[in-house]
Amino acid sequence: MTPPNRPISIFLIVNIILISCVMATSSSSTNRQTEHQQPLLSNGHNALLDYDPADLNQPLLSLITTNDLPGFHSLLPNTPPSVLTAALNLCLRNNKPSFIPPLLTHNAPFNRHTALEAIRGQNSTTLSLLLSPPHSMSPHGTSTSGHMTRPIELALRLNNLQLVSILLAHGADIDSHEFEVALTHSSSELVKRLIEASEEAKYQVYRIGALQIAAGAGNLEMVEFLLGLPGMSIDGRPRGWRKGTTALMEAVGKGRVEIVAYLLMNGADPELGNGEGEGSYKKPVELARELEDGDEKTEILELLKLAGEEGEEQGDEVRMEL
Ligand SMILES: *[C@@H]1O[C@H](CO)[C@@H](O)[C@H](O)[C@H]1NC(C)=O
């Protein structure tokens, strides 16, 4: 005999959790603006630090700050190229569009920060201008070290669809790290655009475990979007990186209650263990037990328990029918 209230209980709990998550998400999106005012690049660089300190005291730069365009025009002809570059980067970062054409006319050289500053300024007209002939700035940036954030990563962190589209249209590509940034920082609309535009992105969706990344990051909107893609399975286990882990395991391991609830409600198998053939065989419930004590752990254990019981009941029903 099965207690009649059981199938309803998981639904109730899941709904309560989802509602509280929606509320949490909407309040966290208001924090986004302030987040973006933090240094966005891993090296926290300041473009102007690339210059001779003497350049920073150049009157030309203070004319930009005070919006003195006539004064700026009159000083330009006698300004050395390094100061022109500093001025260009400053104007790009602070979105001072009227100062940019005269700098380009005076052949201000680009340096490795120029493309990034254009992204920071978030003016799509200015970005298009720089990427088009005769200026033809590289959409990859000009850093040769390979350690520096590329413009597209910054645009993805800023979740700026327009800037990303412009970069792609000018031949920018994305690598697996940048795609991961998109999965964790950008909207699903932007990830959709990447998948449409880039074969590499399409391939990476399945290879790098996009669903696992989004689940681990607690990005519910992205999880929902990815599950709607052709061939995406809720219990899928990528072959490459994050080999063998399911989205449920990632969500449980990171204590993402709302994602766990969503995945279970949509039929994720709570019994699948980690690894195939080698490695550990931890099931979601074992991963949950390893979480730090707290509300997340309690709620996830409860959800897994309810899902397990429901699974058993369905098994019982099948056996009775036989
Ligand atoms: C972006 O730059 C263009 C000129 O390149 C300017 O006309 C426009 O006002 C700028 N947009 C914003 C939002 O500042």
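**The ligand shell and its setting**

Modeller: By class, the shell around the ligand holds two nonpolar, four polar and no charged residues, where Ala, Val, Leu, Ile, Met, Phe, Trp, Tyr, Cys and Pro count as nonpolar, Asp, Glu, Lys and Arg as charged, and the others, Gly among them, as polar. This is a predicted model, in which local features need pLDDT of at least 70 and side-chain atom pairs count only at pLDDT 80 or more, while totals for chains, interfaces and linings use all residues. Residues are numbered from 1 along each chain as its sequence is written.

The shell consists of Asn-95, Pro-97, Asn-123, Thr-125, Thr-126 and Leu-129, each with its C-beta atom, placed from the backbone, within 6 Å of the ligand. Ser-98 lies in the loop between H6 and helix H7 (100-105), helices being DSSP runs of H or I with at least four residues, numbered from the N terminus. Ser-98 is exposed because 10 other C-beta atoms lie within 10 Å, the cut-offs being 12 or fewer for exposed, 20 or more for buried, and partly exposed in between. Although 29 residues separate Ser-98 from Leu-69 in sequence, their C-alpha atoms are 7.9 Å apart.

As for confidence, pLDDT is the predictor's own score for each residue, from 0 to 100; the protein has a mean of 81, with 74% of residues at 70 or more. Over residues 21-49, however, pLDDT is below 50, and this stretch has 17 contacts beyond near neighbours in sequence, a contact meaning C-beta atoms, placed from the backbone, within 7 Å.

Conventions:
Two residues are in contact if their C-beta atoms, placed from the backbone, lie within 7 Å. Helices (H or I, at least four residues) and strands (E, at least two) are DSSP runs, numbered from the N terminus.
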